[in-house]
Structures are given as C-alpha cells and as structure tokens.
2 protein chains.
Amino acid sequence: MTLAADPPLRRSRHDRELRGRAAKVIPGGMYGHMLANERTMPPSFPQFWARGEGAHTWDADGNRYVDFLCAFGPMLLGHRNPLVDDAASRQAAMGDTLSGPSPRMVELAELLTSAIGHADWAMFAKNGTDATSTAVRIARAATGRTKLLKAAVAYHGANDWFTPRYAGVTPQDRANIVEFAYNDPASLEAAAAAHDGDVAAIIVAPFRHDAFVAQEPVDPAFARAARALATRIGAVLVLDEVRTGFRLDVRGAWEGLGVRPDMTAFSKALANGYPIAALVGADALRAAASEIYVTGSFWYSAVPMAAAIATVQHAIEIDAPALMKEPGERFRAGLEAQGDRYGLPVRLTGPVQMPLLIFADDPDKSTAFAFTDAAARRGVLLHPWHNMFLSTAHTVELVDEVLTLTDAAFAEVAAARRAGS
Amino acid sequence: MTLAADPPLRRSRHDRELRGRAAKVIPGGMYGHMLANERTMPPSFPQFWARGEGAHTWDADGNRYVDFLCAFGPMLLGHRNPLVDDAASRQAAMGDTLSGPSPRMVELAELLTSAIGHADWAMFAKNGTDATSTAVRIARAATGRTKLLKAAVAYHGANDWFTPRYAGVTPQDRANIVEFAYNDPASLEAAAAAHDGDVAAIIVAPFRHDAFVAQEPVDPAFARAARALATRIGAVLVLDEVRTGFRLDVRGAWEGLGVRPDMTAFSKALANGYPIAALVGADALRAAASEIYVTGSFWYSAVPMAAAIATVQHAIEIDAPALMKEPGERFRAGLEAQGDRYGLPVRLTGPVQMPLLIFADDPDKSTAFAFTDAAARRGVLLHPWHNMFLSTAHTVELVDEVLTLTDAAFAEVAAARRAGS
C-alpha cells in the first residue's frame, strides 16, 4: 500500500485557529467528554466540527470522516436524518419552547410506554444525567431510604455524586454511594448487606462499558441476581440506557434476557441528536415520581419530542439494532483480521453496535493512539479508549470502504514500529 | 362592559382529552413548573400548547392568548423570532449535535465575554440548573471549601440540593447549604461567620423573585455588602441570572450598580427558546473551571449556540431590556389603575419586564386565581403567583389591547364579588 508510506495531507489551519481563540474564552479551551487535546486524543484529531451528513462528518477545515463517534451516541439514524429532521421542522413551524408542553409530550410518553417492555409511565428532561438523577430521587422517595448501589468506575452522569472526577465535589455528595463489581453477584449482595434496610436503588448499565478497558457483556445470571436482590430487599432496579438506548434492543436492553428493571433512563439516541432525555418506569413508582420536584426550562420543548417520536418509530420499524449487526460484525471482523495480519492484534469488545478497540500489550494506549491517529488522517474517525458508535447509516458497503482505509492505517503503524519510531 | 356578564366561550375538548391520556402515561399527568392543575393554576388554564408566534400563543384547542408567561422566560424576542430561527436553520442545515463542538461555541463564548461586564470565560450546558450547579462546583474546587450561602426560599435550580421540594432528597444533599435573608447584610454576615473558613460561595439572584410573594429589588447596599464579604473571606460570588438574563441589563444585571460577581449563570432567554445554559466567570476561576468534570450529551450542540449568538447580538442591538420598559410600565400602570377602579387593588411587583401580581388582602390567592382565570378566558395568559415575563414582541399597542381585555376580566371578578360568589 503506497498510502502507508504516504499519509494523506490534512488541513488543520481553522482548527488550530479556533483552539487558539477558545483558549482565551473557554476554560482549558474545551471541557467535558468532547475535549480533544494532546492528553486525551491523538494529535490529528480535530476539536471543532462543521457539519454532518449520514455516516459522514466534516471538521472545521473541511476534512471528511466516516464518523464512528456518532456524537458519542446521539446519532442513531445518521446525521441530519431527513425523516427526523422533517418531523422536527414541522413542529418548529408551530412552536418549540412554549408556555407549557405540547401534545407531542403525551404522544411520546404513549410511544415509549408501548415500546419499552416494563414502562408504564415516562418523564422527560434534557441530559442523561437528569434522567439517572431523577431515577435515584424517585427511588429514594419511594423507599424512604438513601443508599445507591452502583458498579465501581461505572459512569452514570456528571452531577455531583456521579461525576468521575472529584474536583469541587464534597464528601457529602458521595456519602450515599456504595460500589459493587459489575457482573459479580456476590459483591452486589455484600454491598446490599452492608447497608441492610437502607438501599434505595441499584443502578446498572446493560453491559459493562467503562472507558479504557475491554467492554463486557452482562452475565445473564448477574442481571437476574440484581433483579432478584432488588425485589427481595424492596430496592429499585434502575437500568441506565443513556448510552445504549435503541442500539441494543428497541424494547429495552435486558428485555431479551427476561429481566425487567423498575426504571430505565434514556437520552443520547432518543431523538437522533435533538436534546432530550427520558425516564420510564413501572406503575409501582408512579406515586413517588409524582411526588418529587424536578424540572427544567426546556424539558417540555416540543421539537425534540417530535424528533424523538420520529426516531423511535423509525428505529422500531427498521429494527435499528438488528440493522447495525451485519455492518458492525463486518467492521469488527475486518479490523481484527487486519490487526492480526499487521502484527498489531486488536479486539473490538462489546456489542458490534458500540465497539471499543483494545490492542494487545497496549497498557499506555500508544498503539491505540497511533492507529486511530493514522485512521483519522485517512478520514476514519475512531476512538482510542472510549466505546464507539455505529448508526444505521453505516452500511456494509461503507464499512468495506472504511476497511481499505484502516488497512493503510495499520500498514503505517506497522511500518513505523519496524522503523523503531 | 358587556363582556363582564358574558365571558367568551372557550374550547377545551382537546386539552381535556390530552390530560386524560397524560394521566395514564405521565406521573401525575404532568410534572415540574409547567404543571397546570386545579391546585396550581386557575381552572381555565390549558395544560397543552400548540403553537406560538410573536407575543401570542395558542393552546391545543386553538384558543389564542397574549402570552405573559413567555415559556417562563425563554421567549425574549417573541415566539418564532425570524432572526433567531433563521440563524438556527442555517446551522441546522450543516449540523447540530456533532462529534465535537462547532465553531459557534467559540463565537458565542467570545460574544458573551465581550457583552457581560465581568466575564473572561464561558462554559455551556443545557439547564439553568446545570449552570448554577457548575458554578458551585467550580467555587468549591477553587476554594477547597464546602459551604454554599443562599437566600432562604430562593430557587436556584431543581437538582438534589437546590430543589424546593425534598421528596427523595437526603440530608447529605442539603448538608452544605446555609441560608440568609435576601437584602439583609447582617444575616449574610452571620451565615458566613457561622461557617468561618468554609464558605465556598454565595449565590444570589439579581432581585428577590420568589413565587407567591411580592418581588423586591435588590438593595444596592446589600449587593455591595455581598461583594465585599465574598472578597474579604475569599468566597466566590455567583449571580443567578437564569431567570433575569437579558431582560434587566444586557451587560449583566448588577453592572449598573457597579457590583461585579465572580460568575454568572444564564439560561432561559439566552437563545430565545433554544435549549442552552451558560456559565461565565472571571479569570481568577479559570483554572478551577478547567479542573472540574461536567458534561452532557447535547451541551456542545451547534444549533442552540447559533440561536444564542443571534439572540444576544439582537438583544444588545435593540437594547431589549430598555425596549420592554415602556410597554411594561404601561401594563403595570394600566392593571394597577383597573384594580383600583374595580375595588380589587393589585400591585405589579418587581421589574416591569418580569412583573408579579399581588392583590391586596389575598393570602389564599383566590382573587389572583379568579382574575387570571377571567383574563385567560379572554385571551390573556397571566400567572396568579409566579412572576410573568414580557418579550420585545409585547408592544405598547398590544398592551393597550390587553388592557381592554383585563378591564373586562376585572369587571367580571368585581361583579362576582358583589354577587357574593
């Protein structure tokens, strides 16, 4: 491959200029999970993005990428999906943020309660964090208890108690969090036993999707044990589908296992990029959900709800999770075969709709950084340490194009290794 | 006035039907600050809204109202302002929620830091609660202290520690809140002295805008005392402009007093209805702001930022707060004169851009409910116990039309009083 020896030119003048301006008016130049700097992302990754279309995205300099970040989840049906955008435009022509909710709120609640196996009611918010926090507040109101059991390391939002970085967080903020090990029923039982009578909720992701490490499917026995424990001790089982929603199973991620949570939090993909979060729950929690006070200035806005209705209806119609399987498996098998061939063995862990790259013998992620950097320069946007996302716009044909580019990226990294650089 | 004896017909079939459906799939049928039920709002108030245009809004049954709720603040330049909507559409044609921020983020941060007197940097989020909570987290990170001083009753968001209703809230959530009395420098000093060495922040609204009671302008001496105290004890002064932003002073609400906070939280009106919040702050807090971890799936979306740029630029150009003064004063004077004339004395408290109705001798709000109900049936949407909002689409001519309708509403209430009902 000549590409290996000759990495394509990449424009970056606008991105550099924008970073310079951002450094003056935004703390650290950027913040949050989309921060792209020398410590968090490979050097060729842009910080600023100009546009998206289907599975493609363009950075501020006009470089085009096949986007395997999908805005870190929201982009389920491809950027600027016409079906979703049309529904949003029709609503926007009437009104978005009005002096109360629109009929779309009722329609969306009806859709979610009919689509999600365990859902009898729905509430809406803006951030995934709003949905997980509201779930915990409802669980506490319902049980009169305080403790929250969560898996160690697991991310469930960025508010004072969930946030993974503790600057500015008080000991009281985290006083009621008790950790267990994902997929380890004994550790979950022990955590509950240590706070006997005071466990309000167990919050858990459908599979283990911590950053930096291999993703792990849930052990069905663990899911069943969590359900049984919650029922036995009168605690509330909350499934955090903020990241996974509508990519694993449109009926709810654990519906196929026959394990039903008491509440599920959604956000990200729910409206294909329009800002909304939802919490759905079972009848037993309806009274507590009415009792708490949560709200936000834009929680009842009509446009994201119209977009969510279109997104969920379409995702169900086409069975979005199933549709992503063939391209996702081809992507996984293709990358893994290329890694083996170039002596850079890599595994794509987790569901094929949301894979995370793990290179062998790569504790400092230097191989992951080198490879994703080489791929970015060739127009493939991957992530070196966070799970990626496919959308329904990522077709088998597109994956085949991508594999040509990643082959060249592997070749470049392998050549550099041989050259000792 | 014949209208007094003959209140206009009002359609409500769709609203009733939607409430019935909502009761099945939404806890309590509705939640949060936009809840309209028999306890919270007059009987004629609709719960569901179909559209908005300028200063008008239409409920789900097609009844038209002059909207003095303005979506509880967001609607600064009128519903569906073409200038803002065009900027949003142009951005939407490129992309909204992408795999990183767009150049709009830098442009908006540059605009806010140039517009707001004390602002050297800006961060963005979705909810007003995100902005106030982030401010407190930054203050704690900067000071290494824990306590937050806030005015009793004052609302600064709906997260676990700010929320006004404590169902599902643990004692630990509120352990670091210390209350003082608004406009009372001695109580503020006492609150700080009681936690000497551990005060991270003082958070305060630009004026006292608690629900149910008369609004109070800030005493400039209190504002200066809060500033001096914060500086003296090394605490951070946070101004919560979520509700007031761009309605009182486009440079920041206390800029005219010569009192500069260390951080200010904005949301609601910032993008004329598009969902966004901002926290701006002074250089001294830049490092702490970089250190904390906050984020959200839609915090970097480009469309609300494009809308915010258009909104803020236009609000500055036309001096939106000044523009609302004449209509606002006419509205206040007109309503107060009508109340006096009909023997139902009422005062519009607070700034004329955000007035709150207080009737004399009305502890149970029955007069406020009766009057706002009669006004709603005539197509004027007022609020019986929360501050209202004007927009720049509320012209003097429109206020004069409104006063004809409110005159009839007063006449109806006065007649009912005379009839003893």
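**Close-up views of a two-chain predicted model**

**View 1. Helix α7(A) and its cover.** Among the elements that cover the buried residues of α7(A) are β6 (177-180), α6 (185-194), β7 and β8 (236-240) of chain A. The model is predicted: local features need pLDDT of at least 70, side-chain atom pairs count only at pLDDT 80 or more, and totals for chains, interfaces and linings use all residues. Residues are numbered from 1 along each chain as its sequence is written, chains are lettered from A and ligands numbered from 1 in the order in which they are written, and side-chain values use heavy atoms, with hydrogens and water left out. Helices (H or I, at least four residues) and strands (E, at least two) are DSSP runs, numbered from the N terminus. Contact means heavy atoms within 4.5 Å.

View 2. Buried here are A:F222, A:A223, A:A226, A:R227, A:L229 and A:A230. Down the helix axis, these buried residues fall within an arc of 165°, so they line one face of α7(A). The arc is that of the directions from the helix axis to the C-beta atoms. Exposed residues A:T231 and A:R232 sit on the face turned away from the buried side. Buried means under 20% relative accessible area, exposed over 50%, partly exposed in between (1.4 Å probe, protein chains only).

**View 3. The ends of α7(A).** A:D219 caps the N-terminal end, with a side-chain oxygen 2.9 Å from the backbone nitrogen of A:A221. Just after the helix, A:G234 has a positive phi of about 70°. The end C-alpha atoms of α7(A) are 20 Å apart, which agrees with the 20 Å that its 14 residues should span at 1.5 Å a residue. That expected span is 1.5 Å times one less than the number of residues.

**View 4. A:H209 in its loop.** This histidine lies between β7 (199-204) and α7 (220-233) of chain A. A:H209 counts as buried, because its relative accessibility is 7%. A:H209 touches A:Q215, A:R243 and A:T244, not counting residues up to four places away in sequence.

**View 5. The contact between chain B and chain A.** Each chain brings residues to the contact: 98 from chain B and 98 from chain A. Together they bury about 8,200 Å², 58% of it on carbon and sulfur atoms. Buried area is the accessible area (1.4 Å probe) that two parts lose on being put together, summed over both. In chain B, B:Y31, B:S99 and B:Y293 lose the most area to chain A, together 10% of what that side buries.

Terms used. Polar contact = N/O pair within 3.5 Å; in protein donor to acceptor, adjacent residues only side chain to side chain.
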